[in-house]
Each structure stands twice: as structure tokens, then as C-alpha cells.
Amino acid sequence: MREVLLFLVCLFASFSPLHCSQQGLIPEGDLLVLTVATKETDGFRRFLRSAKQFNYSIKVLGRGETWKGGDYMSPPGGGQKVRLLKSALEEIHEENKVILFVDSYDVIFSSGPKELLKKFQQAKHKVVFSAETLIWPDRHLEDKHPHVREGKRFLGAGGFIGYAPNLKEMVSDWSGADSDSDQLFFTKIYINPEKRKSINITVDNKCRLFQNLHGALDEVVLKFENGRVRARNVLYDTLPVIIHGNGPTKLQINYLGNYIPNLWTFETGCTICNEDLRPLSGLQESEYPVVVIGVFIQQPTPFVTVFFERLLNLKYPKNRLRLFIYNQESHHEQQVRTFLEHHESEYQGVKLIGPEEDIDPVTSRNIGFDMCRDDIDCEYFFSIEVDVVLKNEDTLRILIELNKPFIAPMLTKPGRLWTNFWGALSADGYYARSEDYVDIVQGNRVGLWNVPYVSNIFLVKADALRTDLKAPDLFESATVDPDMAFCANVRNKGVFMFVTNMQTYGRVLSTENYQTNHLHNDLWQIFENPVEWEERYIHENYSKILRDGLIETPCPDVFWFPVFSDVACNDFVEEMEHFGQWSGGANVDTRIQGGYENVPTIDIHMNQVGYDKEWQKFLLDYIAPVTEKMFPGYYTRAQFDLAFVVRYKPDEQPSLRPHHDASTFTINIALNQVGIDYQGGGCRFLRYNCSVTAPRKGWALMHPGRLTHYHEGLPTLEGVRYISVTFVDP
């Protein structure tokens, strides 16, 4: 009686006993996944990883063959897949064997065999194809497709599931060439009523099993729930098992593949960041992989000296590094030359291309790549633009250990959402913001991200340069810039470009408005690159002033604190001497209002060298906070009529007579060091009979200018003394 009831349930459910059994669902062991992959790409590895996640049984067809089936950019094609499938099916004799045939390079599993087989049974057909929104390659066949009450009408050949005998019947008539269209072949079978009925074919019109992305991007969103990530079709409210980035949707499948299946969740974070690593710890120096570092200088750039300092400080054996330096800017020749004079011998080898060789930037990239390609020992090429501020000294080690064919560290610009990667592309191939971009930039999502564009810095394996990326025209395009052309070609070759934000690596400088008409042009970068300016020019202990109270009081209401680094002091002195137009120290002075100076000095005003705006910015950012701390209730506007660098010399002007300053308060910064650069000097406050006779280089004296602090400059006995003086809020 139980068997009779079961048969009746099956009969009323589907009018076919095929889909019913004593066990109900099809056993997972009856499922075999067939796919075609003639080469092992990043996409193929992604496919296998997702299959392994859910314990799919996979058989790969076509390994070792040359692919002759075309590509999505030049249809038709795909006939080679049908030939391989037909051959594989001939070896399968089990009548109950269920075959899932899918592409691999652009396919991801989002759920397991149990759900797939259940949905296959619920389709009540022996063969179920994925469904398409768009018909191709022959639009004239549209009217011949069966109409459906709801959902997609058209067949997609990139994925289908069915019983082995039915699939054998379906491909039995195939005799086409490898370059023929598999899509057209299966479409013609489907639109033939007799064959459709005989083989028992349907399409997954509501995307319950398969989700093709082409023509359906607006339908698909990520669904995060209970530690899992799925793709959800919001049009039909379904959760497809298989996601296929068919046609021109490779960027979208890459985006979804950053999460599906469970590569990154809110609960776990990144689940693959510690997989397939290449640890370097424990290796002898001689065992480290050889890396060619390509340094590219293509425009005037600030802080080039600092760039080379950071390059030198990378924590990696220098005898395993070779340098390729391309410098297109004569302005930076001295900085490159100085670096090589001191450190070239530390590296395994150095190749320099200077501006005199007149080699264009694209050619230089290929020369750099070839330096690695042609060296049998080279394992990586590390490309870095000179505008990169590489703060993390372990960056190269970290990237190598992550063990990706192509990977870049995420770099930012302070106070902006700018980074060196794009999360998406617009229709014309330019920047677009992905849904997760802000979260990645702000560190709310941390991991490894497959992205469509990176710039400024990347690490690429030499194996990739010698195979997939061996073409000499990677940077060439008639329509877009070389960096965009390069990324497009890398993507089209099937190489994934990963960016990592698992650590803080550094920043990218702003090169706009960088002027080269001064000796030390970096001094003028306080607006464009304030973080780098501060790191270079502000005293390392400045932060302790407000945090720890690092302020001394050598005389009443005279405050002494560190403000400038040694580099800042040296650069200001050298800049003024380079300018050279020192005043004569006379009372008549046409530079000031009224043309007369009561207490003249030999000096150069900041506005003479075009530094008045920058100096006010310095006062506001670094002097005003100290003023407000030491003079409670007074808030400075950091206005000044006079800001200048004074030079004291025994045979020129050794001292300055007692005087008041025309200021609310005065800032006096020592720009060189007593006992080393000069003897004597200092400042005496007469009212208090108190002197500061050992001023510290880079430290500022701040004191009221009028009424109470009548003061004089003590004689300089030997050498040359330099100070910077500012009369604030006159």
C-alpha cells in the first residue's frame, strides 16, 4: 500500500515517476560536474575553489589541448566544448547519472549539490538549461522560442544539467568544428518542438539553478545572511546555485567572486587571506626570491629624496634585488645620481635610463619587464612610481607571501576617498565606484579584492610576464591611457589583479601644482601634501608639546619648544643662501611699509622667496595650537607683516641692539646649532635679566613682542648663525 501511495503522489506531482524514488531526492553521488579548461587560469582556480567548498565532484575536459573555440569578444565559438562533452558522455553508462555541464573561467558555485539536485528535480524535466535575457547569436530565431508565463525565454549554453542518456541524445548529432557556435547548436535543438519534447528540455526561466549575468546585472545583488554570502535575483526572488559571468560581465563576476562563496563575510572577514601563502620567514637571504624593482619617474614629483630613502629601507635582502630606474625628468637627475653613488653597490644589479636617452614611458615599461623576463633567476617584478610613499617597510615581503600572480597594496591620499585601485569601471572603461569601495577604503572590509584597475604600484610574478603577459603591446591603446590599457590587457589575458588592504602600506603624493623653480621645492608642499610635509619638516617630538607638555620656560613668559626638523632648518638656510638677496642691514628698507626699519637686520623676507602663504599655513597649523595652550583665552589669526630669516656673522652683523618687536607675540626659530655651526649668539630679555644662550636647532622661542619683553640679540663670535623670526598679529 505504501508503494502505491508513493506512486500516486509522484504521478500527480509531475505525471512522471522519473523524479520520484524511495529516497526522494537524487543522491549527491549521482552528480558529476563536467567542465572544459584547456589552461589553468585564475578564473579556473576560483571555480575549483568554489566547487571544493561544497564538495562537488569535478571532471575537467580539454586539459593540454589548444583552445580553438573562440572567446566572448568574437562570437560565435564554443564548439570545442560540445566535442569534448560528447566524447566524455560516451564513457558514462549509468542511466541515473546526472551531469552538470558548466563553463569554468567565469563561473562560481554559491551552494552545494543537495540544493542543486533538489531544484533540478523541481524543474520536472530531464535537461535544464540556464536562461538568458538576450538572444544570441541569431536574433531571427526569437519568435521560435517557446513563450513562458513569467521569466526568461532564451537558452544559455554556458550551463545545463541533465541525465546522461538525455544529454547523449542531445549531442549525438554534433559534427561541427571547434570554432562553431555551441550556443546556436543547442538553441536549434531547443526551438525544435520534437527534439525539445523527446529530450525533455526546459530553461531555468526564473534563475533558480543558474544565473547568467549578461543582460541581468540589475537583477543581482549580494545577500549576506547568517555567515553566508549568496547572489540573490531580486526580480524573481530566487537564490541561484551557479553564477555565470557570461559575455561582457567579467568585471561583475569578479566583484561577486570577492564574496561568493563565503570568501568574505561580516562574521568571518576574509576567509582566504591565509590560504596558499608563500612564507619567507626562516629562509636564508640567499633563498629569497630575486625581484626586479622598477622605479618610474615620469614627471616632476615632490619628496623624491624621501622616496629613495624608503626604497633603501625596504626589509628585503638587497643582494636579491635588482633595480631598474627610468627617469624622464632632468630635474631629478641629481637625486637619482646621489642615491646610486651611495647605494648602487648594495644591490645585485642596477639599470638606469635617463632623460638623455629619450625613451618613451611605454617602451620603458617593456624594458623593465624584459629585465625580469630575461633573467632566469627573476621571480617577481615590483613596479613602483616615484609618487608612492611606501610607509610599510615590509610591503614587498607581504606581497610575495600572499602568493598571487598580480597583487597591489592599497594606497590612499590623506583626507580623501582616492586610492590606487578602482572597484568598478564605467561603460566607457573609466572610473566607477563599486558598492563596497568606501568600506574597503575606510577599512570596514579588509581582505584581498579582485579589481579591474590598479595603478602606481604592483607586484607581478615573472611566470605571468613570460606567459600570459608576454605581449609587447600591453600598455598600448588608441583610445585610453597606458595604465588603463595595461589593466585592460591584464584582465583580458585572464590574470586577476588583486589589491590588499590587510595592512596600511602608504600613500600617493599629489603632483599637481608642483613647482621646480626653487632649490628645495618640497618646502612649498605644505598645501598639496601636508602629511608628507609634516613628516619631513616638523620636529619628531612636536606632538609631545600638547600631549606631554614638552615646553620649557627659560625666562618668564618665554616658551621654548621643538618645531622644525634638522632637514627643515637646513633647507630653509640653503634656500635663503641660494636666493642670495640679503638686505644690507640699513634703516632704509623699501621692502616694508613706510620704508624705514628702526632695528634693521641682515635678512631675507619670506615673501621675497614666495613663501608667505605657506608660512602662514605653518603658523596656523603648528604655532597657533601652542599659543592657545600657553596664552589661554588668546586666539591668534596667525597674521604677520614681517617673517624673515636673519643671518648673524661676526664680520657682518654679529648682534642686535635692545628693542621691542612690532607684534603681539614673536616666534624665533633657531635654524642651526650653536657650538657646531657658530659660537656665541642667543637672546637676552633685559627686564628679567634672563638669557637663552644655547638655542637648540629647530626649537622655537615664543614670547610677547611689546611692552614686557624688551630684548637684544647677543653677539655671534664665530661662524654664521641663522634664525627665523616672525612678528605675529602686529
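pLDDT is the predictor's confidence in each residue, from 0 to 100. This is a predicted model, in which local features need pLDDT of at least 70 and side-chain atom pairs count only at pLDDT 80 or more, while totals for chains, interfaces and linings use all residues. Residues are numbered from 1 along each chain as its sequence is written, and side-chain values use heavy atoms, with hydrogens and water left out.

**Confidence**
- The average pLDDT of the chain is 93, and 96% of the residues score at least 70.
- Over residues 1-22 pLDDT stays under 50, and the model has 17 contacts (heavy atoms within 4.5 Å) for them beyond four places in sequence.

**Nonpolar cores**
- A nonpolar core is a set of Ala, Val, Leu, Ile, Met, Phe, Trp, Tyr and Cys residues that are buried and joined through side-chain atoms within 4.5 Å; buried means under 20% relative accessible area with a 1.4 Å probe, protein chains only.
- The largest such core has 53 residues, of which Phe-406, Phe-421 and Phe-486 touch the most other members.
- Beyond its neighbours within four places in sequence, Phe-406 is in contact with residues including Val-454, Phe-458, Phe-486 and Phe-498.
- A second, separate core of 47 residues includes Phe-561, Met-576, Trp-615 and Phe-665.

**Cavities**
- A cavity is a set of points on a 1 Å grid over the protein atoms alone where a 1.4 Å probe fits but cannot get out.
- The structure holds three cavities of 30 Å³ or more, a volume being the space filled by probe spheres set on the points.
- The largest cavity has a volume of about 80 Å³.
- Among the 14 residues that line the largest cavity (an atom within 4 Å of a point), Asn-668, Ala-670, Pro-695, Leu-701 and Arg-721 are the closest to its centre.

Terms used:
Buried means under 20% relative accessible area, exposed over 50%, partly exposed in between (1.4 Å probe, protein chains only). On a 1 Å grid over the protein atoms alone, a cavity is a set of points where a 1.4 Å probe fits but cannot get out, and a pocket is an open set with protein on both sides within 12 Å along at least five of seven lines; lining residues have an atom within 4 Å of a point.
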